[in-house]
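Me: I have a model open and would like to learn how to read it. Can you take me through it feature by feature?

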Amino acid sequence: MNNFRYIIGVTSEIQQGLTIWEGKIKEYLDIYYLGNRENAKDTKFYRCISKVREINNQLLDKEEFVRSVIDDQNLLATISIVQRSNIIFENDFTPCLEIESLTNSPWNTINYLQPEKRKGAATSLIEYVIMEGRSEGMNITKLFAVPQEKYFYEKIGFEETNGSGEMILNRNSASMFLLDQEQRRESRTFD
Amino acid sequence: MSQSKINQPTPEQIERWKQIDELEHGATAGFSTPEQDDKNVKEFLENDYIETQLERLRAHRKKLIEKLKWTEDYEDLLLKENEKMSQKKIFIIIMQTLLYLSGTDNSGVKAYPHFLH
C-alpha cells in the first residue's frame, strides 16, 4: 500500500505541484487528445481539468481549507477543498466536514499508464479528512459525486442522501473504513 | 525478540481493496454541471495558465500588503494607546504623591498615594 503525506493549507509544495499538474494537463491533451478538448470530453481526465481550474480559482482565497496528499516522489497526488458545514442527520442538526471539491492528479485520472501514477492517493486523502473531522468533533463527512464516481465512494462507505449526488459517510461507516485502511496497511499488500 | 504483526486479510477485503484501487484512479468530487465543466476546461485551455496565475498572485499580494498595512496601523494605534495609558498612570501616581506630600486631598482628608495602599 502506498503511503502519502497529508498537507493542510497551501505550501510551496502544493503551489509547485499544481503548476506541474497544469503543465502535464497540456502535455496529455496534446499527446493523447490531439490538443482538442472535445476529444477528452466525458473522460475522468476532462473532469480533473475542470476541478483543477476550479480549485486554482479558489486557492488563494481558501488557502486554509485546502487539503492534499503528497506521494513518495514528493509529487502532489490529490488535492481538495474542505469546509465545515452542517447536515440534518437522523433529525438532528449535525456538524460535518464537507469535501467541496476534490481531484486526483492528471496522471492518475488519465487512462494511459504514466510513471508518476500511484494508487491510493484519493482514498488516503479521504481517510485523513475523516480523521481531521473526527478530531474536531465532526463525525460525518459529506461530498457531492457525479454518477460515474458514486460507486467508488459507495465502496468506501458513503451513502447517497437524496438522489442529487450528495453523499454522506456516517460515524459507523467511517469507523469501518478507517479500520479497513489500518488493516490494509498492516497486511502489507503490494500495489 | 519482538516480531511486527502482519494482518492476514480476508478474500473479501482483498477483493474490496482491489475494487477501490480500480475505481479511485479517476476520483473527483464536488458539485458541477457538465456546462460548468466545459466552461472551466475552456478557460483553462484558452488562457495562459502561468500568466493567469501570476495575475491572481499579484492581486493577492496587493490584498495582503493592504492587510499588512492595516495590521501595522492598528498595531501602532494600540501601542500609542498603551503608551498614553502608561503616562496617565504615572501622572496619577505623581498627583497622588504630590497630594500626599502636601498633607491633604481636596476633601481635607489625609491622602495616601494609591501605590502605597
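Me: What is the mean pLDDT of chain B, and what share of its residues reach 70 or more?

Reply: First the general idea: where pLDDT is low, the predicted coordinates should not be read in detail. Chain B has a mean pLDDT of 84, with 82% of its residues at 70 or more. Within chain B, helix H1 (residues 11-24) has the lowest confidence, a mean of 89. Strand E1 (residues 28-29) of chain B has the highest, at 93. For the complex, the predictor gives an ipTM of 0.86 and a pTM of 0.81.

Me: How far does helix H3 of chain B reach from its first C-alpha to its last?

Reply: An α-helix has 3.6 residues a turn, so residues three or four places apart point the same way. Helix H3 of chain B covers residues 49-102, 54 residues in total. Its end-to-end C-alpha distance is 78 Å, close to the expected 80 Å at 1.5 Å a residue.

Me: What is the count of buried residues in H3(B)?

Reply: One, among its 54 residues; H3(B) is hardly covered. The cut-off for buried is 20 or more other C-beta atoms within 10 Å. After the helix comes B:Gly103, with a positive phi near 100°.

Me: Which strand of chain A is joined to E1(B), and by how many bridges?

Reply: Strand E4 (residues 92-104) of chain A, by two bridges. The two strands run antiparallel. A:Leu102 stands opposite B:Ala29 in E1(B).

Me: What is the phi of A:Asn74, and where is A:Asn74 placed?

Reply: Most residues other than glycine have a negative phi. A:Asn74 is not a glycine, yet its phi is positive, about 65°. A:Asn74 sits in the loop between strand E2 (66-70) and strand E3 (76-89) of chain A.

Me: Is A:Asn74 buried or exposed?

Reply: Exposed, because 11 other C-beta atoms lie within 10 Å, and the cut-off for exposed is 12 or fewer.

Me: Where is A:Glu90 found, and what is its phi?

Reply: A:Glu90 is in the loop between E3 and E4 of chain A. Its phi is positive, near 50°. A:Glu90 is exposed, with 6 other C-beta atoms within 10 Å.

Definitions and conventions:
Residues numbered from 1 in each chain as written. Chains lettered and ligands numbered in written order. Predicted model: local features only at pLDDT ≥ 70, side-chain atom pairs only at ≥ 80, totals over all residues. pLDDT = per-residue confidence, 0-100. Helix = DSSP H or I, 4+ residues; strand = E, 2+ residues; numbered from the N terminus. Expected span 1.5 Å × (residues − 1). Pairing = 2+ DSSP bridges.
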